[in-house]
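Hello,

Here is the structure for your next look. My notes follow below it.

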Amino acid sequence: MELYSWKDIVTHSKPTDLWIVINNSVYNVTKYLADHEHPGGDEVLEDQGGQDATEAFEEIGHSDDALKTLATYKIGTVKDPDQKPVKKDPFAIGKGKESEKKE
Ligand code: HEM
């Protein structure tokens with residue numbers, strides 16, 4: 001499996017090119033999103049693009065089934081976990097408009 005730096009990971013934040021990080025594993029969820037397979041909806045995935053989604057993912061209490069599905073999208077591991085960009089709010093991220101919509 002590949003090692004990816006945060007500098008690289010953060011660039012994969014578009015719906016057409018979407019990576020997320022959970023517990024320092026890197027997942028390319030572009031296809032999962034494109035196929036609208038997520039029971040929790042597209043938007044939460046888009047919001048987490050190019051970022052560490054560990055807290056958001058675990059907060060939901062995803063099932064073993066969800067973990068199995070997640071594993072199939074793994075492309076590698078974070079090379080420099082200490083370089084992780086700081087998130088203001090781990091649960092409402094980045095794209096102003098999207099997070100405003102939520103409440
Ligand atoms: C590739 C990554 C992910 C996979 C494979 C995945 C998979 C799933 C699955 C299978 C469910 C159905 C319930 C269950 O089996 O636990 C689910 C529900 C849900 N997921 Fe995810 N999930 C992912 C990422 C995320 C992230 C990053 C978030 C939050 C930011 C999130 C939020 C939710 C929510 C809110 C539900 C509940 C939907 C409902 O019951 O109304 N998921 N997810």
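**What the model shows**

V21 sits in strand β3, residues 17-22. Helices (H or I, at least four residues) and strands (E, at least two) are DSSP runs, numbered from the N terminus. V21 is buried, because 23 other C-beta atoms lie within 10 Å. The cut-offs are these: a residue is buried if 20 or more other C-beta atoms lie within 10 Å of its own, exposed if 12 or fewer, and partly exposed in between, with C-beta atoms placed from the backbone.

Before going on, two notes on how to read this. This is a predicted model: local features need pLDDT of at least 70, side-chain atom pairs count only at pLDDT 80 or more, and totals for chains, interfaces and linings use all residues. Residues are numbered from 1 along each chain as its sequence is written.

**Overall layout**

The protein has 6 helices and 6 strands. Along the sequence they run β-α-β-β-β-α-α-β-α-α-β-α. Of the 103 residues in the protein, 21% are buried. Residues 24 or more positions apart account for 74% of them.

**The core**

Back to V21. Leaving aside neighbours within four places in sequence, V21 is in contact with I9, V26, Q51, D52, A53 and V78. V21 and T54 are 33 residues apart in sequence, yet their C-alpha atoms are 6.8 Å apart.

V21 also belongs to the largest nonpolar core, which has 14 residues. Such a core is a set of buried Ala, Val, Leu, Ile, Met, Phe, Trp, Tyr and Cys residues joined through C-beta atoms within 7 Å. The residues with the most contacts inside this core are W19, I20, V21, I22, V26, Y27 and A53. Elements giving two or more residues to the core are β3, β4 and α4. The largest share comes from β3, with 5 residues.

I22 has its own set of contacts. Beyond four places in sequence, I22 is in contact with Y27, A53, T54, F57 and L70.

**Strand pairing**

Two strands pair if DSSP finds at least two bridges between them. Strand β1 (residues 2-4) pairs with β6 in the parallel sense, over 3 bridges. There, L3 has T77 in β6 as its bridge partner. β4 and β6 also pair over 3 bridges, but in the antiparallel sense. V26 stands opposite G76 in β6.

**Y73**

Y73 lies in the loop between α5 and β6 (74-78). Is Y73 exposed, partly exposed or buried? Y73 is partly exposed, because 17 C-beta neighbours fall inside 10 Å. Not counting residues up to four places away in sequence, Y73 touches Y27, N28, V29 and Y32. The C-alpha atoms of Y73 and S25 are separated by 10.0 Å, and the two residues are 48 residues apart along the chain.

Most residues other than glycine have a negative phi. Which residue has a positive phi of about 50 degrees although it is not a glycine? That is H36. H36 lies in the loop between α2 (30-34) and α3 (42-48). H36 counts as exposed because it has 8 C-beta neighbours inside 10 Å.

N24 also has a positive phi, near 65 degrees, and is a residue other than glycine. N24 is in the loop between β3 and β4 (25-28). With 13 other C-beta atoms within 10 Å, N24 is partly exposed.

**Around the ligand**

The ligand is surrounded by 21 residues; the closest are P39, G40, A56, S63 and A66. A residue is near a molecule if its C-beta atom, placed from the backbone, lies within 6 Å of it. Elements giving two or more residues to this shell are α3, α4 (54-59) and α5 (64-71). α5 gives the most, with 4 residues. The shell divides into 14 nonpolar, 6 polar and 1 charged. Here Ala, Val, Leu, Ile, Met, Phe, Trp, Tyr, Cys and Pro count as nonpolar, Asp, Glu, Lys and Arg as charged, and the others, Gly among them, as polar.

**Confidence**

pLDDT is the predictor's confidence in each residue, from 0 to 100. The protein averages a pLDDT of 89, and 84% of the residues score at least 70. Over residues 93-103, pLDDT stays under 50. The model has 14 contacts beyond four places in sequence for residues 93-103. Where pLDDT is low, the predicted coordinates should not be read in detail.

Best wishes

Methods
Contact = placed C-beta atoms within 7 Å.
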